[in-house]
Amino acid sequence: MTITTNEMFRNTFKTEDGQQVLRDLSLNFHVSSTTMGKDSLETAYNEGQRSVVLHILRRLATTDEEYPTYESGHSYIYDYLTTEGI
């Protein structure tokens, strides 16, 4: 049986340690805060950090079939964070 990419993400982040890491990433890398910096380079850097955490959250909130077509809206992030208590 082949494990899917999204299942690998879920296996990694479903543990207590994984949840703590995801909570830390979400708090420290602009998931629910502004990415505006002093200039466009800092803003781009901040947005790059944020996009990695959003990628993880999108993987956790979707199936492999849904992921490529999942809309770029962010409601799934808050739904996932609320559901998982992060």
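Contact here means heavy atoms within 4.5 Å. By that criterion, 51% of the contacts between residues at least 6 apart in sequence join residues at least 24 apart. The model is a predicted one.

Start with the chain as a whole. Its secondary structure comes to four helices and zero strands. From the N terminus on, the order of elements is α-α-α-α. The chain has 86 residues, and 30% of them count as buried.

Now to the packing of helices. Two packed helices are described by the angle between their axes and the distance between the axes. Take H1 (residues 5–13) and H3 (residues 40–61) in those terms. Their axes come within 8 Å and cross at roughly 105°. Angles of 65 to 115 degrees count as roughly perpendicular, so H1 and H3 are roughly perpendicular to each other. On the H1 side, the contact is made by Thr 5, Asn 6, Phe 9, Arg 10 and Phe 13. H3 contributes His 55, Ile 56, Arg 59 and Leu 60. By class, this contact has four nonpolar, three polar and two charged residues.

Asn 11 also belongs to H1. Its relative accessible area is 37%, so Asn 11 is partly exposed. The C-alpha atoms of Asn 11 and Leu 60 are separated by 9.6 Å. Along the chain, these two residues are 49 apart.

Next comes H2 (16–28). The axes of H2 and H3 come within 10 Å and cross at roughly 135°. That angle makes H2 and H3 oblique to each other, and the crossing is left-handed. Which residues in H2 and H3 meet? From H2 come Leu 22, Leu 25 and Ser 26. From H3 come Val 53, Ile 56, Leu 57 and Leu 60. The residues of this contact divide into six nonpolar, one polar and no charged. Ile 56 and Leu 60 of H3 take part in the contact with H1 and also meet H2.

Most residues other than glycine have a negative phi. His 30 is not a glycine, yet its phi is positive, at about 65°. Is His 30 buried or exposed? The cut-off for buried is under 20% relative accessible area. His 30 has 15%, so it is buried.

Key: Residues numbered from 1 in each chain as written. Predicted model: local features only at pLDDT ≥ 70, side-chain atom pairs only at ≥ 80, totals over all residues. Heavy atoms only, no water. Axes fitted to C-alpha atoms, helices over the stretch in contact; angles between N-to-C directions. Helix = DSSP H or I, 4+ residues; strand = E, 2+ residues; numbered from the N terminus. Parallel < 35°, antiparallel > 145°, perpendicular 65-115°, else oblique. Nonpolar A, V, L, I, M, F, W, Y, C, P; charged D, E, K, R; others polar. Buried < 20%, exposed > 50% of the residue type's maximum accessible area, 1.4 Å probe, protein only. Left-handed = near helix turned anticlockwise from the far one by under 90°.
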